[in-house]
Amino acid sequence: MNTTVTTLPIIGNDGMDSLVTPWCHHFQLAHPGIQFACTMEGSSTAIMALAANASWVAPISRSPWQYELDAFVKVKGYAPTCIHVGYTGHGPRANAKSPPALYVNQRNPLSGLTMPQVRALFARGNPQGEISLWSQLGLQGEYQHRRIHLYGLRDDGKYATAFRHLHLQNHPYPPHYEPLPDRQAVLEAVANDPFSLGAVGWFNAVGYQKQARIVALAAEDGADFVLPDLAQVRQGKYPLSSYVSLYFDLPPGRKLNPQLKEWLAFTLSSEGQVIVSAQTHSAEGYIPLEAPQLDIQRQRLAQW
């Protein structure tokens, strides 16, 4: 007896193979007529493959870059839809990338920054004002009369551009922001400049711990400063955390494909989240969602 087998392609982040493969295996147990062809080569492949109808679902471990979303909208006429299934990374940890962070020289006594202060530092024309001197952050002594030397990555459509969109209300960087070619160059600049403040995405920063340190951040004025350690990321408190997300094509006014909805629902189930938890101490450092955020994602999925 011939059995028809349907092959569903999944293209996306390579590190998420450790999540996608067991999720697919579970689905196949209930649906033996379905198999998956997973091509996990990086987050940069996910949204583009979805736009080209080459992927059933697009796993991505960062926020999509604007040009990726623009490309999808140009093809489809609407934005892709997503659910979040976890958080990406915690640290610093040996042999693992730390989450996006701001760094200062180890000599710098700065205790932390609020996200409104981050906008005032990195956004030119920030409506609430701009910060360019260490004294504006309360630092005295050798820092009192010194300018803040801002370092970061090039505003080229990737991380630095996404940082503007997500955290700076899309304002441009100020003239004294110095864009450098890669993350290592930013950390080296901070390590050698006591008056510096650097912004980078995922990076194994352990090798620079003696010269540079991550700045604790608070989501808003009056909130506690937190670092991207496991406890804070697990509770959804670190402001620069990135979600582990699953993007899919859902035209406005349409209902989600029942099989895709079932697959996505499993990723948000207790068993599906255990698969995320199993990777918490891996190099990728995926962390399952805390209960309130998990409920939000389940409710969002239910409405489709």
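Where does N95 lie? N95 sits in the loop between β4 and β5, and I'll come back to that loop at the end.

Hi everyone! First, some ground rules. This is a predicted model, where local features need pLDDT of at least 70 and side-chain atom pairs count only at pLDDT 80 or more, while totals for chains, interfaces and linings use all residues. Residues are numbered from 1 along each chain as its sequence is written, and side-chain values use heavy atoms, leaving out hydrogens and water. When I say helix (H or I, at least four residues) or strand (E, at least two), I mean a DSSP run, numbered from the N terminus.

Let's begin with helix α1, residues 17–30. Its 14 residues reach 20 Å from the first C-alpha to the last, close to the 20 Å expected at 1.5 Å a residue; that expected span is 1.5 Å times one less than the number of residues. Which residues of α1 are buried? They are L19, V20, W23, C24 and F27. Buried means under 20% relative accessible area, exposed means over 50%, and partly exposed is in between, with a 1.4 Å probe and protein chains only. Seen down the axis of α1, these buried residues fall within an arc of 120 degrees, so they line one face of the helix. The arc is taken from the directions from the helix axis to the C-beta atoms. As a reminder, an α-helix has 3.6 residues a turn, so residues three or four places apart point the same way.

Now for the partners of α1. With helix α9 (residues 270–277), α1 packs at an angle of about 150 degrees, the axes being 9 Å apart. That makes the two roughly antiparallel. Axes here are lines fitted to C-alpha atoms, for helices over the stretch in contact, and angles run from 0 to 180 degrees between N-to-C directions. Angles under 35 degrees count as roughly parallel, over 145 as roughly antiparallel, 65 to 115 as roughly perpendicular, and the rest as oblique. S18, L19, P22, W23 and H26 of α1 make the contact with E271, G272, I275 and V276 of α9, where contact means heavy atoms within 4.5 Å.

With helix α8 (residues 258–267), α1 packs at about 125 degrees, and the axes are 10 Å apart. α1 and α8 are therefore oblique to each other. Here V20, W23, C24, H26 and F27 in α1 meet Q259, E262, W263, F266 and T267 in α8.

On to helix α3, residues 66–76. Its buried residues are E68, F72 and K76. Viewed down the axis of α3, they fall within an arc of 50 degrees, so they line one face of the helix. Part of their cover comes from α2 (46–51). Just after α3, G77 takes a positive phi of about 90 degrees.

A quick stop at P9, which is in strand β1 (residues 6–12). P9 counts as partly exposed at 31% relative accessibility. Leaving aside residues up to four places away in sequence, P9 touches A37, A54, S55, W56 and V57.

Finally, back to our loop. Most residues other than glycine have a negative phi, and most peptide bonds are trans. N95 has a positive phi of about 60 degrees although it is not a glycine, and at 68% relative accessibility N95 counts as exposed. P92 lies in the loop between β4 (81–88) and β5 (101–105), and the peptide bond from G91 to P92 is cis, with omega near 5 degrees.
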